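Dear colleague,

My notes on the findings follow it.

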Amino acid sequence: MKKIWLLGLTLVSFGILLLFKLHSSISVVPTVPSSPPKTIRYEQRSLPQSIVHILSIPTDSRFVVTPAISPKAATVQQFAQQHQAKAILNAGFFDPVNQKSTSYVVISGREVANPKDNERLVNNPNLKPYLSKIFNRAEFRRYQCGDTVTYDIVLHNESPLAGCQLLDAVGGGPGLLPEISSEQEGFVDKSNGRDAIGTNQPSSRSAVGITDDGNIVLVMVAQKPNVRLAKSGMTLPELVDFMKTLGVKKAMNLDGGSSSSLYYNGKTVYGKLNILRKPIQRPVKSVLLVKES
């Protein structure tokens, strides 16, 4: 009986030792939390003379920034309903009388708007001295470079990036960063007192920028209801300084004033106020869409 008891005790001890060795041999892989997907970041800043709406879009996210144009001018909210976009910012210049674009627009590699086709622009005697500059204004471009999507801001006549396919482009201007190119693009002519965009007058503004790491920043500056209208908004140099605070290295002004408008996540905000301090809901010709790819 004593031998049987000793044998049982030996077997139990061996079993415990075997289980311990098996447990020790199993490698435990620590659980690493997955990083959240990169997405759009919206921010609203209340400044002394304006309210600024900012959208930051990481370029390595599931979103793309691409232009759209309407046969007839439409509000950004109407563009949103048509294109099912997450966000929309007004973009290129246009003639509100004939509702034709005065900015170039390229979509999916095809030119869909050319300012040279706008007879009111081309035949305007006051603009004839500036047409060559107007036809070479800044534009926001989207390229396909192999497997990578790349954005850039250049003058219209500049060649596409080497080895890349131009997908989309929308004109605006003037370029803001790395420097303001108002005179080069025909917005300003100091010798004749020309200033087509009220460079030093506070107003509602729209702009697009690209940061050093390639992210896209959309900015809409709205006038503030409790500030005298003549002092409400931003001047162009103030807009440049503000874009710098966002880490933007390349930037372009877009159609501003009554055209300034932004749609995001179901809400629309307008930049320009009328004399009753109510937002002006002006239809626009072209926009920048933020859509899921």
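Five helices and 20 strands form the secondary structure of the protein; both are DSSP runs numbered from the N terminus, helices being H or I with at least four residues and strands E with at least two. Please note that this is a predicted model, in which local features need pLDDT of at least 70, side-chain atom pairs count only at pLDDT 80 or more, and totals for chains, interfaces and linings use all residues. Residues are numbered from 1 along each chain as its sequence is written, and side-chain values use heavy atoms, with hydrogens and water left out.

The average pLDDT (the predictor's confidence in each residue, from 0 to 100) is 90, and 87% of the residues score at least 70. In residues 1-29, however, the pLDDT is below 50, and this stretch has zero contacts (heavy atoms within 4.5 Å) beyond near neighbours in sequence.

Of the 293 residues in the protein, 48% are buried, meaning under 20% relative accessible area with a 1.4 Å probe and protein chains only.

The search of the whole structure gave one cavity of 30 Å³ or more. On a 1 Å grid over the protein atoms alone, a cavity is a set of points where a 1.4 Å probe fits but cannot get out, whereas a pocket is an open set with protein on both sides within 12 Å along at least five of seven lines; lining residues have an atom within 4 Å of a point. Grid points are joined across faces, edges and corners, and a volume is the space filled by probe spheres set on the points.

The largest cavity has a volume of about 70 Å³. Among the residues that line it are Ser 103, Pro 115, Arg 137, Gly 171 and Gly 172. Ser 103 sits in the loop between β6 (100-101) and β7 (105-107), and it counts as buried because its relative accessibility is 5%. Beyond its neighbours within four places in sequence, Ser 103 has contacts that include Pro 115, Gly 171 and Gly 172.

The largest pocket holds about 580 Å³ of space. It is lined by 26 residues, of which Phe 93, Phe 94, Thr 102, Arg 137 and Ala 196 are the closest to its centre. At least two lining residues come from each of β5 (94-95), α3 (119-122) and β17 (248-254).

The second largest pocket has about 220 Å³. Its lining comprises 15 residues, and those closest to its centre are Ile 153, Val 154, Leu 155, Pro 178 and Ser 181.

Yours sincerely

Methods: Buried < 20%, exposed > 50% of the residue type's maximum accessible area, 1.4 Å probe, protein only.
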